[in-house]
Amino acid sequence: NIFDRLDLYGVFGSSRICADWRFSIGDTITRIQYETLYHIFWGGGARAILYEWEKICFGLGGRYSYCNYKSSWLTTHAVPITVSGTHLHWRQWQIDLDLSYNIDLFTPYLGVKYSNAHASLGNFSVPISSSGQGVGHFVNKTPVGIFIGCSTSNGRYFMLNVEGRLIDEDA
């Protein structure tokens with residue numbers, strides 16, 4: 001926290017991906033299921049208070065996240081396929097605007113965000129799209145979403161945040 005106006009933060013943890021893709025080639029519907037191992041997930045970001053009036057704050061934030069997953073298993077129509085050499089690179093950047101109101105220990109907030117998520121699949125031995133390609137680059141379908149949440153803190157030693165993200169993601 002810098003001058004009670006700018007918060008810088010980092011995220012470090014572990015994550016995995018479980019995917020279930022379906023696509024059609026002609027009259028045939030193809031189903032591919034894929035799972036990665038847990039891998040290191042990291043990110044960083046900042047949030048700044050642009051304007052503050054009594055207990056109301058208008059803020060701007062941004063963040064970047066990244067993970068390079070190793071494959072665990074892959075099936076096509078429930079038949080196991082080798083995952084030797086396959087990988088999934090995932091990255092996301094986001095920018096958001098929010099409005100919050102402080103009520104003693106609680107700070108409810110509402111905001112809108114723009115997100116650019118990108119996943120790259122490499123060295124897949126089976127086609128994973130109707131184009132017949134074994135390598136894919138995917139971006140999020142809906143880049144704009146809203147979020148709503150509430151933070152509770154005593155201002156010194158404790159903080160808990162609960163947040164819901166809607167429209168562009170389920171989180």
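Okay, let's start with Glu 54, which is exposed at 66% relative accessibility (exposed means over 50% relative accessible area, buried under 20% and partly exposed in between, with a 1.4 Å probe and protein chains only). Before I go on: this is a predicted model, where local features need pLDDT of at least 70, side-chain atom pairs count only at pLDDT 80 or more, and totals for chains, interfaces and linings use all residues. Residues are numbered from 1 along each chain as its sequence is written, and side-chain values use heavy atoms, with hydrogens and water left out.

Back to Glu 54. Its phi is positive, about 50 degrees, although Glu 54 is not a glycine. You'll find Glu 54 in the loop between strand S4 (39-53) and strand S5 (56-76); strands here are DSSP runs of E, at least two residues, numbered from the N terminus.

Ile 167 also has a positive phi, near 80 degrees, and is a residue other than glycine. Ile 167 sits in the segment after strand S11 (159-166), and counts as exposed at 65% relative accessibility.

Now for Ser 100, in strand S7 (residues 87-101). Is Ser 100 buried or exposed? Buried, with a relative accessible area of 10%. Leaving aside neighbours within four places in sequence, Ser 100 is in contact (heavy atoms within 4.5 Å) with residues including Arg 47, Lys 55, Cys 57 and Tyr 109.

Cys 150 is in no disulfide either, with the nearest cysteine sulfur, that of Cys 57, 14 Å away. Cys 150 is partly exposed, at 28%.

Last, the largest pocket. On a 1 Å grid over the protein atoms alone, a pocket is an open set of points where a 1.4 Å probe fits, with protein on both sides within 12 Å along at least five of seven lines; lining residues have an atom within 4 Å of a point. The largest pocket holds about 1,300 Å³ of space. There are 40 lining residues, and the closest to the centre are Asp 7, Arg 47, Ser 151, Met 159 and Asn 161. Among the elements giving two or more residues to this lining are strand S1 (6-15), S7 and strand S8 (106-122).

Terms used
Helix = DSSP H or I, 4+ residues; strand = E, 2+ residues; numbered from the N terminus. Disulfide = S-S within 2.5 Å. Points joined across faces, edges and corners; volume = space filled by probe spheres on them.
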